[in-house]
Amino acid sequence: MSTNATVTGEFSRFFHFLMQEMKPRGPWLTPFNVISIPVIFTGVVIIVIRFIYGLGAVTNLSQDFPWGFWLGFDVITGVALAAGAYVITFVVYVMKVEKYHSIVRITVLNGLLAYIFYAGALVFDIGRPWQAYNPYIGNKFGFSSVMFLICWHFFLYMVAAFIEFSPVVAEWAGWEKARKFLKSITLATVILGITLSILHQSGLGALFLMAKPKIHPLWWSEFIPVLFLVSSVYAGLAMIIFESTISHRVFRHLIPHDPKHSFDDILFGLAKGAAVVMFVYYFFKALLFIHGKQWSMINDAWGYWYLVEVIGFVLIPGFMFAFGYRNRSLNIIKIASVMALLGIVLNRLNVSVISFKWYAEVHYFPSWQEIVVTLMIIFTEIWILRWVVTRMPVFKSAH
Amino acid sequence: MDRRGFLKTTLVAGSAALAGSDLSAQELRDPEEFVGILVDTTRCIGCRACEVACGETHDVLVPDVLNDGALEEQRTTSDKQWMVVNKFETEAGDVFVKRQCMHCYQAACASACPTEAMEKTKKGPVIWHGNRCIGCRYCMASCPFDMPKFEYGEWNPKIQKCTLCFERLEEGQKPACVAACPTDTLMFGTRAKNLEIARHRIYNHPDDYVHHIYGEHEVGGTGYIYLSAVPFDQIGFRTDLGTRPYPEYTKEFLYSVPMVLFGVPAFLLGLNALIGGPQPGEEKAVEFESGDQGGGDEH
Ligand code: SF4
Ligand code: SF4
């Protein structure tokens, strides 16, 4: 009886609290809102059309190009850029490096939302999403399928990332007991999350192993899974630098001052980490290049394009991170992080879309609808992120 | 304890799904029984009776063979046509080549499919199950011959490709195209027998054929095999696909999965224990102050 009463009482309390929190805060007519609302609206219309008339009605996909921008950018690239969460939880919870603790919550939140939205974008891209439960409870399991593995890992990782973030939700909602419990299983979920991340970050690369005859040899290698995994580490670090620089500007009023570990110190640490990983990655790339005797391929447009990616957007930002760390120049580090991120975008798109069927006479190029839907996904994610950050204790403990 | 128990169950659940993976489904099939079709391109007259028969049997496009002038262009199969005949002008005169799914012995599409919607059946045909397919198109990306086709114009799209007339075979009939062929270009039978016939023809008429049977070794062997009078790259075949079965390209990755699934958590737990000390954010403060203020998290 009394438990019942407390439960209903708690429920109505939470309901009112939630309604309160749903109300917008701050001015409505910000530039971001003005741009994002029409884009989101158009995106929804496009998605409706896609579900009525088929993928061909809104995308430029074809029999020759089964995978395009939605898979190559939203899913493959988006997930690489969301790697920060597993990297930083490794450093903080497994290695117990206190210094980065203050950015764990925001990074995990970013990672979680990125997975929900970017991995979730698969729902628009696959042809029969209403059967997407098949790999999970399925009438048949495709055990020999990399896609099967990825489907499972996306799902499990989202659960793990949600549990990692859930103490914040519990704190926000005022569920003290739940918060303590959730906190106590952090290490276990972190370890699960890292393991899953290792597997699906590399798994996204493994998706392309069987496409060997279709991908330009400068981008295909039997080591794509390793390359994807290693580059996801610096992608994650660069993304943290990039995102937290922005959020420190936008949400300045929400961020408490931490006297022990200044924000700049954190950025320098991340930059150093990124530099090291980028050099390792570059070294590996170079090794594959030399070992594969690919010198003869370098002297055409594809070769130059390859050099742009590997030198311009891996080696150079790698040096810039190192230089910025040495000379304590935040600006260089910030520019380097943008370049490193562009390098990841380039690499993932090169493998999945741009060099795919490089020999084709008519090459795929995304339709405007594909791009609008991608923007819709990004903007919606930012909306949710903003809502969570301004309401839940993401940057600091509550109240 | 709590933590470990949780981790353990998760791991066991996760890896039961993956470690027990049956990566070698092809062992179930008996290579002797595995059926296919031999295409002797030197016999083909380009009448396209097979195209018509295919369209009629499977309720897909039935071409207007007399008037559509389709031989003047190079066609590929599509979501409306499971097979096409193309004409090539070569040193040996006009050569007609029927193309469709090759029904690979170790099919890339089937090993790619997350739901086994693409299935390599025991007898040899590779077929598609609509009730399983999620439409991810990984089969299309993986097939070395680009054969699975997707209905981009449908709200409920299907994957379309040759089924080697799976239903007709079940009823003891030959594939429709073979039955329709007036020139014995197409021979249906077990792959072993077809290979023998093909070798015989090359042996008995060494000047009429290039000494290569396309599909004998390509991508690990295919159900369809081809004979030709001119090198295969002149009649639209890719000769750079290699002889390694395509599923093997991902096999190593998949084998490493259970290892990572068990090894990495063990390693991380060990590392964590080795480092010692309190967990970051482990609430040292909790005993002293009320949880609400319970800081520690931001440090
Ligand atoms: S040709 Fe392509 S679709 Fe046909 S069995 Fe081989 S991999 Fe599958
Ligand atoms: S599109 Fe369908 S048949 Fe092809 S791999 Fe995906 S689920 Fe399997």
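Student: How do the residues of the shell around ligand 2 divide into nonpolar, polar and charged?
Tutor: Bearing in mind that this is a predicted model, the shell around ligand 2 consists of 10 nonpolar residues, two polar ones and one charged one.

Student: And which residues are the closest to ligand 2?
Tutor: Of the 13 residues that surround ligand 2, the closest are Cys113(B), Cys133(B), Cys136(B), Arg137(B) and Cys139(B).

Student: Which elements of chain B give two or more residues to the side that touches chain A?
Tutor: Those elements are helix H1 (2-19), helix H3 (108-112), helix H4 (138-142), strand E6 (149-150) and helix H8 (247-275) of chain B. The largest share comes from H8(B), which supplies 15 residues, and the residues on this side of chain B divide into 40 nonpolar, 21 polar and 15 charged.

Student: What area is buried between the two chains, and how many residues does each one bring to the contact?
Tutor: About 7,200 Å² is buried between chain B and chain A, with carbon and sulfur atoms giving 61% of that area, while the contact takes 76 residues from chain B and 81 residues from chain A.

Student: Let's pick a residue in H8(B): is Asn272(B) buried or exposed?
Tutor: Asn272(B), which has its place in helix H8 of chain B, counts as buried because its relative accessibility is 7%, and the cut-off for that class is under 20%. Leaving aside neighbours within four places in sequence, Asn272(B) is in contact with Tyr93(A), Val94(A), Lys96(A) and Leu187(A) from chain A, and with Gln279(B) from chain B.

Student: Now from the chain A side, where is Leu209(A)?
Tutor: Leu209(A) sits in the loop between helix H10 (186-206) and helix H11 (224-250) of chain A, and Leu209(A) is buried, with a relative accessible area of 2%. Not counting residues up to four places away in sequence, Leu209(A) touches Trp220(A), Ser221(A), Glu222(A) and Pro225(A), together with Tyr249(B) and Thr250(B) from chain B.

Student: Back to the ligands, what about ligand 1: which residues come nearest?
Tutor: Among the 14 residues around ligand 1, those that come nearest are Cys101(B), Met102(B), Cys104(B), Cys109(B) and Cys143(B). The shell around ligand 1 divides into 12 nonpolar residues, one polar and one charged.

Student: What does chain B look like overall, in terms of helices and strands?
Tutor: Chain B has eight helices and nine strands, and buried residues make up 54% of its 299 residues. Of the contacts in chain B with a separation of 6 or more, 58% are between residues 24 or more positions apart.

Student: Take Ala49(B) and Cys177(B): how many residues apart are they in sequence, and what is the distance in space?
Tutor: Ala49(B) and Cys177(B) are 128 residues apart in sequence, whereas their C-alpha to C-alpha distance is 7.4 Å. Ala49(B) belongs to helix H2 (residues 49-58) of chain B, and beyond its neighbours within four places in sequence Ala49(B) is in contact with Ala180(B) and Pro182(B).

Student: Why is Ala49(B) classed as partly exposed?
Tutor: Ala49(B) is partly exposed because its relative accessible area is 23%, and that class lies between the 20% and 50% cut-offs.

Terms used
Residues numbered from 1 in each chain as written. Chains lettered and ligands numbered in written order. Predicted model: local features only at pLDDT ≥ 70, side-chain atom pairs only at ≥ 80, totals over all residues. Heavy atoms only, no water. Near = heavy atom within 4 Å. Nonpolar A, V, L, I, M, F, W, Y, C, P; charged D, E, K, R; others polar. Contact = heavy atoms within 4.5 Å. Buried area = accessible area lost by both parts, 1.4 Å probe. Helix = DSSP H or I, 4+ residues; strand = E, 2+ residues; numbered from the N terminus. Buried < 20%, exposed > 50% of the residue type's maximum accessible area, 1.4 Å probe, protein only.
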